[in-house]
Amino acid sequence: MTRVKVIVNPLAGRGHAAQVAPEIERELQKLGVAFDLVQTRYAGEAIDLACQAAKDGYPVVMAVGGDGTTHEVVNGLLRDGAMGPETCLACMPAGSGNDFALMNGAVADVNAGCRQLVDGHERSIDVGRLTVDGKFARYFDNVVGIGFDALVARETHHVKHLRGAALYVPVVLKTTFLTMRPPWVRIAYDDRVIETRALMTVIANGPREGGTFLVAPQAKTDDGLLDLIIADDVPRLKVLSMIPHFIKGTHLSQDCVRSAVAKRVVITSEDPLFVHVDGEVLWDPAHEIEVEIFPAALRMVAARNGAEARSG
């Protein structure tokens, strides 16, 4: 029977992950799965725990939390080449945002999620690598955002007691009318170059971010490509009218939005670039962002109806 290292972020989902941890223990015991469950104590600890678990030979490492928890576990599995051919990622969605896990076939139900460890299947997914100002920053599984969405993510970290629309509406309004200063950027991808004043630039491995926004509707996590979405600067009121399009994924039809696919993207600017990676904010602004895709770099345990490769 598979040995599983279960890494729980007790703060994820406003404490929801800590609440489901005992249920996970009971269910894994019932299924006869050998496991070791540990709860993180501080931000970034899941990176070290996942790295050590891979070195210790655990065939599966399960992230229990949201996108930030999964992001840390992925970075731990890939750090120092620690991830071997026998190590797989599993996810139990238990955070405020669970975009990566859910779009790759994980389920939030504890019973079904634990059973995936027994009767699910393994699939290979792509991973991106982010370099900031010439220095390696992080691997990412879902999205790197520069500009508007990074500023929104940064503002949400200052709000501790609101969720949903009560959090989202004031943060978006503040970002739109007070903190947003769209940079002039040079975007080089594969053999093309674009120069523009960009409201937002998204480099996506997966289609959805923030639990709400279908920002790269055609992106697939197993097609070996990055989806590049560029939203040009527009008047402030136009920004507000664009938000429903980004929620529904209809923004690609708008004149101010362009899209492309690439294997490598480099963004440079003399203006400060505010960046988030899988929802985690890089607090220091940058001037050069490089993103590359590594096809099939990570193996994942998921349901058999998980995402499939881009057709055509």
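Tutor: Gladly! Of the 312 residues of the chain, 54% count as buried, where buried means under 20% relative accessible area, exposed over 50%, and partly exposed in between (1.4 Å probe, protein chains only). This is a predicted model, in which local features need pLDDT of at least 70 and side-chain atom pairs count only at pLDDT 80 or more, while totals for chains, interfaces and linings use all residues. Residues are numbered from 1 along each chain as its sequence is written, and side-chain values use heavy atoms, with hydrogens and water left out.

Student: How many helices and strands does the secondary structure of the chain come to?

Tutor: Both are DSSP runs numbered from the N terminus: helices are H or I with at least four residues, and strands are E with at least two. By that rule, the chain comes to eight helices and 13 strands.

Student: Which residues of helix α2 are buried?

Tutor: Helix α2 spans residues 45-55, and eight of its 11 residues are buried, so the helix is largely enclosed by the rest of the structure. Its buried residues pack against β1, β2, β3, α3 (67-78) and β6. The buried ones are Glu45, Ala46, Ile47, Leu49, Ala50, Cys51, Ala53 and Ala54.

Student: What phi does Gly57 take?

Tutor: Look just after α2, where you will find Gly57. Its phi is positive, at about 90 degrees.

Student: Why are the buried residues of α5 on the same side of the helix?

Tutor: In helix α5 (residues 110-119), the buried residues are Val110, Gly113, Cys114, Gln116 and Leu117. They lie on the same side of α5 because they cover only a limited arc around the axis, taken from the directions from the helix axis to the C-beta atoms. An α-helix has 3.6 residues a turn, so residues three or four places apart point the same way.

Student: Which residue caps the N-terminal end of α5?

Tutor: Look for a side-chain oxygen that lies 3.3 Å from the backbone nitrogen of Asn111. That oxygen belongs to Asp109.

Student: Over how many bridges do β5 and β13 pair?

Tutor: Two strands pair if DSSP finds at least two bridges between them. In one of these bridges, Arg129 has Glu292 in β13 as its partner. Strand β5 (residues 121-132) and β13 run in the antiparallel sense, and their bridges number 11.

Student: What do β5 and β6 form?

Tutor: Strand β6 (residues 135-140) pairs with β5 in the antiparallel sense over five bridges, and Gly128 stands opposite Phe140 in β6. Two residues lie between the strands, and Asp133 in the turn has a positive phi of about 50 degrees. Together, β5 and β6 form a hairpin.

Student: How far apart in sequence are the parts that Glu122 and Arg299 tie together?

Tutor: A salt bridge is a side-chain nitrogen of Lys or Arg within 4 Å of a carboxyl oxygen of Asp or Glu. Glu122 and Arg299 form one, with their closest N and O atoms 2.1 Å apart. Since Glu122 lies in strand β5 and Arg299 in strand β13, the pair ties together parts separated by 177 residues.

Student: Is Lys5 buried or exposed?

Tutor: Lys5 forms a salt bridge with Asp36, the closest N and O atoms being 2.5 Å apart. Lys5 lies in strand β1 and Asp36 in strand β2 (residues 34-39), so the pair ties together parts that are 31 residues apart in sequence. Asp36 is partly exposed, with a relative accessible area of 29%. Lys5 has a relative accessible area of 12%, so it is buried.

Student: Which residues is Gly95 in contact with, leaving aside its neighbours within four places in sequence?

Tutor: Gly95 has its place in the loop between β4 and α4 (99-103), and it is buried, with a relative accessible area of 13%. Gly95 and Ala17 are 78 residues apart in sequence, and their C-alpha atoms are 6.7 Å apart in space. The contacts you asked for are Ala12, Gly13, Gly65 and Gly66.

Conventions: Polar contact = N/O pair within 3.5 Å; in protein donor to acceptor, adjacent residues only side chain to side chain. Contact = heavy atoms within 4.5 Å.
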